Number of protein chains: 2
Amino acid sequence: MRFYDFKGAPSPTKVRIVIAEKGVEIPTESVNLRTLEQQGEAYRRVHPGATVPTLLLDDGTRLTESHAIAHYLEQLYPEPALLGRSPRERALIVMWHDITVLEGYVGAQEVLRNGSEAFKGRAVPGIEPFEQIPALVDRGRRRIGLYIDKLDRRLDESEYLAGDRYSYADISAYVTVGFAQRAIGDDPVAGHAAVARWLAAIAARPAVVAATQ
Amino acid sequence: MRFYDFKGAPSPTKVRIVIAEKGVEIPTESVNLRTLEQQGEAYRRVHPGATVPTLLLDDGTRLTESHAIAHYLEQLYPEPALLGRSPRERALIVMWHDITVLEGYVGAQEVLRNGSEAFKGRAVPGIEPFEQIPALVDRGRRRIGLYIDKLDRRLDESEYLAGDRYSYADISAYVTVGFAQRAIGDDPVAGHAAVARWLAAIAARPAVVAATQ
């Protein structure tokens, strides 16, 4: 197995936290997204779609989505369980991850990729050029706001997103909120006490500290 | 358990196909998205976020994302397996579902919700009003095109998306391609022989016929 990573990007960070929580060692290679190394020939041989992370399995299978990599690692290294134990808990983890992707992550991506100079001509992930659509910056900000409101209502009644136990849903949302904070500039978490309490608890976990330092 | 469904919408259709493949009966209620019944008081009591589908469990837990509902039903009714048997197969199914959501479904949604008269003021799912951004219609069309190209390369080397066996990845992608065909008007599948072969195979499955008629 070989893990293709980049410390400055949200998706591979989710995988890095999963690996640290499981306490395993996986040979890791960094692909510098700031210098567009992912578009170079060497990485395109690993993953023609040119996104990071990739987990390359020993039989040549390429896993290119962080959620899929988490499911693979969960089965190889079941403890500590990050994807749930009961049918209900497992479904709630997938649910909060999907809400996070479609309502939070997409919003943060809209803001960052359509508003930042660095993403000119690259408004959509991958290798195909896409022009920025400036109106998406405001839309993305509003979507992030609604997503944080939703997290706050949930975390006001539940210690973690999927219930009493920390899970991959928290990892996914924690990384997405950090991504949104950087994309927006001002802090979308301000005034959301339950989200702030939960963020502090996740940030203090030894595996999260180790994976994000 | 109670399943809140609507026959004309893509997300609940994925769940309807899963239920039909499992051969189970679940009490089902239709929520008419064409008359905005999802925004009425009765459905907002079931799911304040006003999206369909919802699977309401007997303990009051609300599962609101089709992928999460599929994971729940898979554990209650393991046969036929739709979410994989080996770690590799399970991960590939999650991967192709996630690619489908982020590269295909989001693109189709951009086209439909930002271009159609019926979605004026409702360009983002949920109850909050969002103005349409007409430039997203072209961007969404291009994203759908790239997604279909990717499916075609995969299905040229593999019978189904995650390998030799039909799975939830195929259900998710099949529904998304149908959604994209309706959103775009002209057929994005034209010229993609492997996608056409695979679409015909999925469409002929008795459970798919029963769930989509």
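Trainee: Which residues lie nearest the centre of the largest cavity?

Mentor: This is a predicted model, in which local features need pLDDT of at least 70 and side-chain atom pairs count only at pLDDT 80 or more, while totals for chains, interfaces and linings use all residues. Residues are numbered from 1 along each chain as its sequence is written, chains are lettered from A and ligands numbered from 1 in the order in which they are written, and side-chain values use heavy atoms, with hydrogens and water left out. On a 1 Å grid over the protein atoms alone, a cavity is a set of points where a 1.4 Å probe fits but cannot get out, and lining residues have an atom within 4 Å of a point. The largest cavity is lined by 14 residues, and those nearest its centre are A:Q109, A:E110, B:E110, B:R139 and B:R143.

Trainee: Which helix supplies the largest share of the lining of the largest cavity?

Mentor: Helices are DSSP runs (H or I, at least four residues), numbered from the N terminus. At least two lining residues come from each of α4 (87-115) of chain A, α4 (87-115) of chain B and α5 (135-157) of chain B. The largest share, five residues, comes from α4(A).

Trainee: What volume does the second largest cavity have?

Mentor: A volume is the space filled by probe spheres set on the grid points, which are joined across faces, edges and corners. The second largest cavity is lined by A:H97, A:D98, A:V101, A:L102, B:H97, B:D98, B:V101 and B:L102. Its volume is about 60 Å³.

Trainee: Is B:T61 buried or exposed?

Mentor: B:T61 lies in the loop between β3 (54-56) and β4 (62-63) of chain B, where strands are DSSP runs of E, at least two residues. Not counting residues up to four places away in sequence, B:T61 touches A:R88, A:L92, B:L55 and B:L56 (heavy atoms within 4.5 Å). Buried means under 20% relative accessible area, exposed over 50%, and partly exposed in between, with a 1.4 Å probe and protein chains only. Because its relative accessible area is 8%, B:T61 is buried.

Trainee: How many residues of helix α3 of chain B are buried?

Mentor: Helix α3 of chain B spans residues 66-76 and is mostly covered. Among its buried residues are B:S66, B:H67, B:I69 and B:Y72.

Conventions. On a 1 Å grid over the protein atoms alone, a cavity is a set of points where a 1.4 Å probe fits but cannot get out, and a pocket is an open set with protein on both sides within 12 Å along at least five of seven lines; lining residues have an atom within 4 Å of a point.
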